[in-house]
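Open the model in your viewer and keep the selection tool ready. This tour goes stop by stop.

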Amino acid sequence: MHGQGGQTMSDKPLPTDLELTALDPVFREHPHDRLDRLRSEDPVYNLDAAVGRLLLTRFEDMRAVLADRSLSKDPRKVPDTPRRLALMADMPQAFEPSMLHLDDPDHKRLRGLVSQAFNQRSVDAWRARIRAIAKALLDALADRGSFDVIGEYAAPLPITVIAEMLGVDPGDMRQFKRWSDAQAHIFNPARSPEETAELRAAGQGLNDYFTRAIDARRGRRGDDLISMLVAAEEAGDRLSAGEIIVTCNLLLIAGNLTTTDLIGNSVLALLRHSDQRAKLCVHPELMPNAVEEMLRYDPPVVQVHRFALEGREVAGRKVHAGQEMVCSLLAAGHDPARHSNPHGFDIERADTTHLAFGGGAHYCLGAPLARAEAQIAIAALFERFPRLQLDPQHAVEHKRVPVFNGLEALWVHAA
Ligand code: HEM
């Protein structure tokens, strides 16, 4: 029954690593046929025996793995493998991990420095500003018959918000977007030499940009996040200059592509389910639940990982030290053992529990901000354009990158 080597007892081989990413044209548009099959035939699937990667597809297995603080996120702690070495070889300089790739105590130290800025109270204080940014973007679309929701609304909104929080110029938005898109290639094992060059250049560009921004704060502090980090560095040995840079990089990147994808995937789901959209228009108070349902149904981040530092059992299967457990967050939200009618989209679903923000010590720091941005952006878009429709002139196309799940563009008719 187990898929060692990709075979099952049925004749058809189980999908390969790449066939389980958006690089594959079938998976890109219809991921659940393959994920459902793995969940029922081989829920701890040997994705890549050479590197030691296992793919988990059951909700409860993943919830336990994500909550387990004895597992690691630091690739430097596991034996070097060709894939991990190749990944690091593409880094612009020596691998300087952000909190996302650190374990405690360093993880806790770096996260603690910025966590207050992203808690519910701080995010609530930004709501009025987020509404104003959404309004300005919609005003610019007022006379347009058709437009791309991603390029002209879902992308600029979160970039502007995080740029303002960090205290960098939102006017540099196009550059941020290019750097963010290029950085997403880091997860693409099949990237072209040009994409690798873009990835390196983006890493260098971001580092130089934030080095300048940090230097500028040394003489003149503001009330932004970079100033706060510089003050913490100067006050003692709580963080290094390199750590400020990787933290800024992480916040800028983590805070925009993902939220863009949540807004884009949500608008698409509502346009394709007119009954749900009509219900939301009549009952705007359903918006918070609707956003949770969207995170369950079509999550922007589809995979997170943890490394086993010692031998153990996961879901009844032996896992060796150094093996990587890849959690399919897309599969988690569609597990019939957790959700009834899992492939259905229901903004009134009573149990919207999902793993779209990961879990445990690394649970997404920006979750309250992402929720606020999505709730405000989706409501404002449909209020402004109540007759919004998909533009049939343009096919809906998903992005061709692993790990992230979003749309390349989403063309709509406003009237
Ligand atoms: C819908 C939008 C978003 C999604 C789906 C998302 C998803 C995730 C996921 C899956 C993780 C990894 C969790 C794990 O390994 O268990 C994560 C971590 C993180 N996210 Fe988000 N994120 C979103 C928006 C944001 C925003 C707006 C920010 C901040 C500006 C942000 C900042 C972070 C940070 C700093 C981490 C690292 C936390 C840690 O390692 O302790 N994210 N996010």
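Select Glu-397. Is Glu-397 buried or exposed? Glu-397 counts as exposed because it has 12 C-beta neighbours inside 10 Å. The cut-offs: a residue is buried with 20 or more other C-beta atoms within 10 Å of its own, exposed with 12 or fewer, and partly exposed in between, with C-beta atoms placed from the backbone. Before going on, note that this is a predicted model, where local features need pLDDT of at least 70 and side-chain atom pairs count only at pLDDT 80 or more, while totals for chains, interfaces and linings use all residues. Residues are numbered from 1 along each chain as its sequence is written.

Stay on Glu-397. It sits in strand 9 (residues 397–398). Helices (H or I, at least four residues) and strands (E, at least two) are DSSP runs, numbered from the N terminus. Leaving aside neighbours within four places in sequence, Glu-397 is in contact (C-beta atoms, placed from the backbone, within 7 Å) with Leu-407, Glu-408 and Ala-409.

Strands pair if DSSP finds at least two bridges between them. Strand 8 pairs with strand 11 (residues 411–413) over two bridges. Click Leu-390, whose bridge partner in strand 11 is Val-412.

Move to the largest nonpolar core, which has 108 residues. A nonpolar core is a set of buried Ala, Val, Leu, Ile, Met, Phe, Trp, Tyr and Cys residues joined through C-beta atoms within 7 Å. Leu-54 is among the members that touch the most others, as are Leu-166 and Met-325. Beyond its neighbours within four places in sequence, Leu-54 has contacts including Val-44, Tyr-45 and Val-319.

Now show the ligand. Which residues come nearest to the ligand? Of the 27 around it, they are Gly-255, Thr-258, Gly-358, Cys-364 and Gly-366. To be near, a residue has its C-beta atom, placed from the backbone, within 6 Å. Helix 12 (241–254), helix 13 (257–272) and helix 17 (367–384) each give two or more residues to this shell.

Finally, zoom out. The protein chain has 17 helices and 11 strands. Its C-alpha trace spans about 60 × 55 × 40 Å along its principal axes. Of its 415 residues, 40% count as buried.

How values were computed. Contact = placed C-beta atoms within 7 Å.
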